[in-house]
Amino acid sequence: MKIVDTHSHYGTVSDTPFMSASFEEVVEVSRKAGITANVFLGRVESAVDPSRGGERKNLDIDLIMRINEEVLDRTSREPDCYMCCVLNPLHARSFEQTEELLREPGCVGVKILARYHGYDVEVLGDEIFSFLADQDAPAMFHSIENGFDDPPKIAYLAAKYPTVKACMAHMYSCGAPIALTHARLIRTCASTSLYAGLEHPYMAFYSIIEHTVREICGSDRLMYGSDLPCHVPAAQLAAIEQADIADADKANILFRNAERFFGQEF
Ligand SMILES: [Zn+2]
């Protein structure tokens, strides 16, 4: 079965001694895990500028734009690698670059990092979603409960702009109990273009995949993502592959939904 990793990065996490990897390492680890296509959502430094010390932000638009060019260069040399352009909507130049990169065959969407770029996605949501609608581009949103890019904010915007495909990454709740907020929003959102990504180690908890698919939202809008180099892909993949759900559900999660979301056969 094909496996599309809809969410990976490479680069150096400056405030931990682990969770860093070169582009080549990520590609090697992915291929070893059986991943057949990899969508890179920027380098780690697109979100966390090492020059800001422990402050996990990147407010340097020149650095973000330079990294986008680098990721395009790296991914375009590998037949199984694709990218999303990291957009910071606080800068007109970033919209221009994103529009330009979306014309490249390997650039399949947009990545939004509101919490790391220092704005509230609700405040700039109309600018972001009207741009995505104009470009007919899908977007991957960093989305956890943090006051900047919380899943309900993305779901509200997705309902307001139903033609825009939007994926809320990191399906888990910050606190206990694990509420699976992303999955509940998929069930209730007026738009069928709202997706959620499974990228978090919690999603390998015993029977959580079965519970999510059977009891909450089905499998039509869930996508596998590793968030490499943060997490080991084999662990989450084993949880999906060994889950007690139909093969059709596994195919949805592992590649079919990704192909629909990105409008791309991987
Ligand atoms: Zn990520």
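Colleague: How many helices and strands does the secondary structure of the protein come to?
Modeller: The model is a predicted one. Its secondary structure comes to ten helices and eight strands.

Colleague: Which radius of gyration does the protein have, and why does it agree with a compact globule?
Modeller: The C-alpha trace spans about 45 × 40 × 35 Å along its principal axes. For 266 residues, a compact globule would have a radius of gyration near 18 Å. The protein agrees with this because its own value is 17 Å.

Colleague: What percentage of the contacts with a separation of 6 or more is between residues 24 or more positions apart?
Modeller: Burial comes first: of the 266 residues, 58% count as buried. Among contacts with a separation of 6 or more, the share from residues 24 or more positions apart is 77%.

Colleague: How many residues apart are H7 and D227, which link distant parts of the chain?
Modeller: H7 belongs to strand β1, residues 4–8. D227 is in the loop between β8 (222–223) and α9 (233–241). The two are 220 residues apart.

Colleague: Are H7 and D227 buried or exposed?
Modeller: A residue counts as buried under 20% relative accessible area and as exposed over 50%. By that cut-off, both H7 and D227 are buried.

Colleague: Which residues lie nearest the centre of the largest pocket?
Modeller: This pocket has a volume of about 420 Å³. Its lining has 20 residues, which divide into ten nonpolar, six polar and four charged.

Colleague: Which residues are the closest to the centre of the second largest pocket?
Modeller: The second largest pocket has a volume of about 200 Å³. There are 17 residues in its lining, and by class they are ten nonpolar, four polar and three charged. The closest to the centre are Q135, D136, A137, P138 and K165.

Colleague: Which elements each supply at least two residues of the lining of the second largest pocket?
Modeller: One of them is a strand, made of residues 107–112, and the others are helices, at 125–135 and 247–262. In that order, they are β4, α5 and α10.

Conventions. Residues numbered from 1 in each chain as written. Predicted model: local features only at pLDDT ≥ 70, side-chain atom pairs only at ≥ 80, totals over all residues. Heavy atoms only, no water. 1 Å grid on protein atoms, 1.4 Å probe; cavity = no way out; pocket = protein on both sides within 12 Å on 5 of 7 lines; lining within 4 Å. Points joined across faces, edges and corners; volume = space filled by probe spheres on them. Nonpolar A, V, L, I, M, F, W, Y, C, P; charged D, E, K, R; others polar. Helix = DSSP H or I, 4+ residues; strand = E, 2+ residues; numbered from the N terminus. Buried < 20%, exposed > 50% of the residue type's maximum accessible area, 1.4 Å probe, protein only. Rg over C-alpha atoms; globule rule 2.2 N^0.38 Å. Contact = heavy atoms within 4.5 Å.
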